[in-house]
Amino acid sequence: MFPTLSFDSQSFDPATLEAMVARASGGLQRLGVDQGDTVALMSRNQPALLVAMLAARTLGAYFCAINWHFKADEAGFILADSDSKVLIADRDLLARIAPGIPARIAEGARLAVRPEPSVAAAYRLDDAALELPPGCVAWEGWLPAQPRHDGQPRAPRGFVPYTSGTTGRPKGVRRLPPDPSQAVEQAAANAALLEAVFGIGPDSRCLIAAPLYHSAPSSYALFAAARGAWLRIEPRFDAHALLAAIERHRVTHLYLVPTMMHRLLRLPEATRRAFDATSLRFVLTTGAPCPPQTKRAMIEWWGPIVHEAYAASELGWVTAIGSEDALAHPGSVGKPLLDARLAILDDAGRECAPGTPGRIYARQPAYPDFTYINQPAARAAIERDGLASVGDVGFVDEGGWLHLCDRAADMVLSGGVNIYPAEIEAALASLAGVADSAVFGIPDDEYGETLMAVIEPQAGIELDAGTVRRHLLERLADYKVPRRIEFAQSLPREETGKIFKRRLREPFWAGRERRI
């Protein structure tokens with residue numbers, strides 16, 4: 001099935017969208033994309049991105065949606081590591097990352113998307129940014145010239161997100177092909193799971209304003225497409241514009257991260273009351289823990305239609321909770337979904353008593369198993385008795401409700417975006433005068449966490465925050481540059497010599513229920 005797609009003032013009915021996807025599939029096949037291959041995507045929210053995702057799925061290929069904020073080195077690593085055969089990206093982004101594109105992605109396999117006018121306006125792209133980069137093929141001319149793919153759709157392989165980074169480089173999460181003997185049963189279980197999490201049916205009117213390069217928003221959009229729902233994609237989130245779109249399009253289903261909720265709640269009361277949101281039936285929040293006070297305020301505004309789910313790229317959707325239960329169990333992210341297995345274990349692998357925090361391990365059998373691309377040892381390291389952990393710490397209370405309270409790993413979750421300090425620390429190490437550094441997350445009322453860096457300069461060297469920021473901006477996506485930068489003559493260390501990062505982080509989180 002195909003959705004009715006709404007974007008800006010455009011509307012694509014299911015037949016039109018099906019034809020676009022069929023031609024994109026046929027064109028990718030001509031470029032050598034086959035079952036099990038990977039197509040890389042680097043685009044802002046717009047129709048071409050959804051078409052490319054659906055085309056890859058039709059061929060049984062993986063798609064790897066790259067964060068469009070990345071610079072050449074960051075994107076280049078993912079393109080090489082994922083072994084992508086084709087790259088589809090916005091024109092200005094292709095020009096930005098050109099030095100990092102592996103030679104194996106031939107010029108004819110670099111498809112350049114001209115950003116839609118509303119996208120160009122939202123991101124202030126000038127005419128120069130919209131020019132076709134050298135050696136690239138214009139998507140707009142390429143797509144209608146391709147033959148339709150006339151083969152049977154193959155079992156979709158899904159999204160390859162990149163996550164974690166204790167070595168400074170992220171890991172690609174790739175789902176393994178399903179066991180043929182279990183494929184039908186597992187596909188049915190996966191559909192039931194997504195319906196429970198998203199609440200989407202054929203008559204739903206869905207809106208997504210979160211970036212589709214993230215796992216959860218892309219999963220949301222693709223499930224809406226699979227259900228044949230009406231789907232509205234916004235080029236970016238704007239609180240005022242979102243309320244206007246909900247009223248104008250009579251939206252029933254909505255995906256938000258907590259940061260979006262904070263911005264909606266910050267609107268003047270008169271502005272919030274000016275828009276009719278009574279069409280909403282199901283609002284999902286995920287991507288970061290939702291503070292209980294934020295969720296309560298949204299429920300008071302929109303009614304008991306707010307749902308939260310806990311998930312990870314590796315684990316899939318693990319738990320969920322509705323409004324009534326959230327009010328009765330503030331801070332909980334729910335109980336296991338369907339046949340999900342959940343365990344809270346201490347460092348010795350023993351199960352923790354109710355109310356006692358430990359490492360969260362889980363397994364969602366509605367998904368095939370996964371691997372980390374080119375890193376089998378890292379995959380094996382997070383496994384215990386058939387369950388896996390991404391480093392989150394939490395507890396299950398006496399009633400069986402899961403609560404998140406900390407993160408064992410260094411990852412920072414800011415505005416629903418995973419940021420890995422090791423990558424930033426590696427970039428800092430290349431700045432002359434830096435002896436060592438520690439990057440970590442500190443509380444932020446809007447984003448949940450924001451980045452802080454404490455830098456130990458080399459003896460006799462003076463550094464300033466402006467120099468540090470300029471150095472990082474040349475190498476990393478802007479959102480990875482710490483908002484707060486401080487300097488220290490020496491950093492606290494453990495007996496092993498490792499920086500005692502928790503000692504730096506702890507004072508900022510004192511007195512808070514959650515540490516994430």
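**Rings that meet in the fold**

Let's start with F63, which is buried, at a relative accessible area of 0% (buried means under 20%, exposed over 50% and partly exposed in between, using a 1.4 Å probe and protein chains only). Keep in mind that this is a predicted model, where local features need pLDDT of at least 70 and side-chain atom pairs count only at pLDDT 80 or more, while totals for chains, interfaces and linings use all residues. Residues are numbered from 1 along each chain as its sequence is written, and side-chain values use heavy atoms, leaving out hydrogens and water.

Now look at the rings. There are ten aromatic pairs in the structure; rings of Phe, Tyr and Trp (its six-membered ring) pair if their centres lie within 6.5 Å, with planes under 30 degrees apart called stacked, over 60 edge-to-face and the rest tilted. One of them is the stacked pair of F63 and F159, 5.1 Å centre to centre with 10° between the planes. This pair links distant parts of the chain, 96 residues apart: F63 is in strand β4 (residues 62-65) and F159 in strand β8 (residues 158-159). Strands (E, at least two residues) and helices (H or I, at least four) are DSSP runs, numbered from the N terminus. F159 is buried too, at 13%.

Next, F198 and Y220 form an edge-to-face pair, 5.1 Å centre to centre and 75° between the planes. Here F198 in helix α7 (residues 183-198) is linked to Y220 in helix α8 (residues 215-226), 22 residues apart. F198 is buried at 0%, and Y220 is buried at 0%. Ring pairs join F198, Y220, F223, Y255 and W317 into a cluster.
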